[in-house]
Each structure stands twice: as structure tokens, then as C-alpha cells.
Amino acid sequence: MVLKKLKSLLGSSPNAPRARTGVATRETLLNPDAPFCAIGDAHGRLDLLAPLYDRIRATYGADIPVVFLGDFVDRGPESAGVLRMVRDLNMARPDVDIALTGNHEKMMIEFIDDPAGKGARWLTFGGIETLHSFGISQNSIRYDAEDALEAADALEDALPDGMLDWLRVLPATWVSGNMHCVHAGMDPDIAADAQKTKVMINGHPNFLTRARQDDVTVVHGHTVMQEAAVWDGRVSLDTGAYLNGRLTAAYIEKGTCTFLT
């Protein structure tokens, strides 16, 4: 029953969600304190993330804030490389290269902490590819408790020193002016500064169907879009990098949003 519900939400399988279309019905206010960039879900596609980041820096300068919207891991082939890249950038200049947590980072942590229990679902959502990127063989999502514990221990051992601690404390949001960057979304009926962390990481059932009634604009990933879009108080940036090779970023300044792929 749970799997059927997940499939109904995410498509025919957890790795093949249906792409949504963002159709604007009202004006979206873009009013950050200063220009910044945001990058959608990389999902292990280091081959897309590294050149896109370099392009942002070459185009907009070394000091413009760049917000990574989470879901660095799973599904794509180079989760280990993406994690190393984002962590190194964030640790060197945390106010310039901002890393937010996504639901896939949380699932990976749950797997390490409780591999035979709550964390078991991670392998269904791309965790096998992440294990492979760290040199850990795990070819089936069906495994017994002993296999799960061994895989979790191997993953924890394979993570670079300090990586797990860094993942555990990644923030769920970054704010500039009226722009609120999160991984998945917000409850449209709750004030922006009163959102639950769980909602910002995992999403809310009304986020994409009900527009906020204030001037807050939410910059997010998580939901695969046919095209990146500015619509009804949202800037939607997940264009399915692991599915189709399209990783999208946005340059946002007052009154303007420019997409980069």
C-alpha cells in the first residue's frame, strides 16, 4: 500500500517522477537584498554541476552568493563527487557558497543511523547509486538486516572525515529579501518564518496548487518541472538532471530571473 502511494505521487517508479508545468496566473515578486544564484537538484550529476557552477562564477563573479538547493546524492552516478565539491565550496566560503539539505540527504543519514529500519527506504530512492559512487557494491534493494548494517557501516567509513557531521547540520532555508530558498517547498498557509523544517525538506501537499497570499517568493527544487519556471510566488528549478541531463540554475536580482542550464 505504501509503495502504491509513492508510485502515485512520483510516477511509475520512485526514479521516474512525472514532470510538472508551472503556469503563472499572477505576478511573482523578485526582491532579494542583493543578486544571488540558486542551483537545482544535482542528484549525482557532477558532470553537469561542475561546469554550471564554473559558468556562474565566470558570468556573475566570484563573490555572488550561490545557493545549492539540496539533493546532491542518489540516482546519478557521481554522488560522492558532488558531495565533495559542494562541501569543499561551502566549508571554504559558507556565506558565498550556501548548501541546503534535501530529502535525499536526510534519507542517506537515516540509512546510516537505522539501516534495517527507517533508513531502509533509501535504497529504493537511488541510494544504490550513491553506494556505488563510494565503491560499495549493493545490487539489490532487497537485503537482510545484516547486509544493511554492513552497507551502512561501509558508507560511513567511506565518507570523508567530517562529511557526516556537515550533512547533519545543513540548514533547510536561506533568505534574501522576500526570496526564501528551500529544497522542496513551504506550507502556503503558514508564515514564511514559521515553517516546519520537515515541510521545507519534504514538501507540502498544497505548495504547488495554492499560491501564497503574501509577497514571499519560494525558490525550490524537489519537483521535476518540464521547464524551470517563475510562477505564482515560486521559482522552480528542478529540471530532472538525473533523468535527462538538464541541470538548471537561476540568477535572481530585483525584478529579474535568468535561467542557466
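**Reading a predicted fold**

Modeller: Start with E110, which is buried, with a relative accessible area of 18%. Keep in mind that this is a predicted model.

Biologist: Why does E110 count as buried?

Modeller: The cut-off for buried is under 20% relative accessible area. E110 has 18%, so it counts as buried.

Biologist: Which residue forms a salt bridge with E110?

Modeller: The general idea: side chains of opposite charge can pair when their charged atoms come close. Here the partner is R121, and the closest N and O atoms are 3.0 Å apart. E110 sits in helix α4 and R121 in the loop between α4 and α5 (127-133), so the bridge ties together parts that are 11 residues apart in sequence. R121 itself is partly exposed, with a relative accessible area of 40%. There is also a network of salt bridges here, linking E110, K118 and R121.

Biologist: How many salt bridges does the whole structure have?

Modeller: A search finds nine. One of them joins R57 and D97, with the closest N and O atoms 2.9 Å apart. It links distant parts of the chain: R57 is in helix α2 (residues 46-60) and D97 is in strand β3, 40 residues apart. Look at burial too: both R57 and D97 are buried.

Biologist: What about R212 and D214: buried or partly exposed?

Modeller: Take each side in turn. R212 is buried, with a relative accessible area of 7%. D214 counts as partly exposed, at 31% relative accessibility. Their side chains meet in a salt bridge, at 3.0 Å from N to O.

Biologist: Back to the helix that holds E110. How many residues of α4 are buried?

Modeller: To read a helix, list its buried residues, then ask what covers them. In α4, nine of the 11 residues are buried, so the helix is largely enclosed by the rest of the structure. Those buried residues are N103, H104, E105, M107, M108, I109, E110, F111 and I112. The cover includes α3 (79-92), α5, α6 (145-158), α7 (163-168) and α8 (197-202).

Biologist: α3 is part of that cover. Which residues of α3 are buried?

Modeller: Use the list again. S79, A80, G81, V82, L83, M85, V86, R87 and N90 are buried in α3. What covers them includes α2, β2 (66-68), β3, α4, α5 and α7. At 1.5 Å a residue, the 14 residues of α3 should span 20 Å, and the end C-alpha atoms are 20 Å apart, which agrees.

Biologist: Which residues touch the most other members in the largest nonpolar core?

Modeller: The largest nonpolar core has 45 residues, and I39, L49, F72, L83, L155 and W166 touch the most other members. Follow L155. Beyond its neighbours within four places in sequence, L155 is in contact with M108, F111, I112, W122, L131, F134 and I136. Another core lies apart from it, with 17 residues, among them L30, A38, V67 and V235.

Biologist: Now the loops. Where does T101 lie?

Modeller: A loop residue can be read by place, burial and contacts. T101 lies in the loop between β3 (97-99) and α4 (103-113). It counts as buried, at 1% relative accessibility. Past its neighbours within four places in sequence, T101 is in contact with G70, K106, L170, P171, A172, H183 and I201.

Biologist: What is phi of D74?

Modeller: Phi of D74 is near 80°, a positive value in a residue other than glycine. D74 is found in the loop between β2 and α3. It is buried, with a relative accessible area of 0%. D232 gives a second case, with phi near 50°, again positive in a residue other than glycine. D232 is in the loop between β7 (229-231) and β8 (234-236). At 9% relative accessibility, D232 counts as buried.

Biologist: Let me step back. How many helices and strands are in the chain?

Modeller: There are nine helices and 10 strands. The radius of gyration is 18 Å, close to the 18 Å that the globule rule gives for 261 residues, so the chain is as compact as a globular protein of that length. Along its principal axes the C-alpha trace spans about 55 × 45 × 35 Å. Of the 261 residues, 52% count as buried. The chain exposes about 11,700 Å², and carbon and sulfur atoms supply 51% of that.

Note on methods
Residues numbered from 1 in each chain as written. Predicted model: local features only at pLDDT ≥ 70, side-chain atom pairs only at ≥ 80, totals over all residues. Heavy atoms only, no water. Core = buried A, V, L, I, M, F, W, Y, C linked by side-chain atoms within 4.5 Å. Buried < 20%, exposed > 50% of the residue type's maximum accessible area, 1.4 Å probe, protein only. Contact = heavy atoms within 4.5 Å. Helix = DSSP H or I, 4+ residues; strand = E, 2+ residues; numbered from the N terminus. Salt bridge = Lys/Arg side-chain N within 4 Å of Asp/Glu carboxyl O. Rg over C-alpha atoms; globule rule 2.2 N^0.38 Å. Areas by Shrake-Rupley, 256 points an atom, 1.4 Å probe, with all protein chains shown as cover. Expected span 1.5 Å × (residues − 1).
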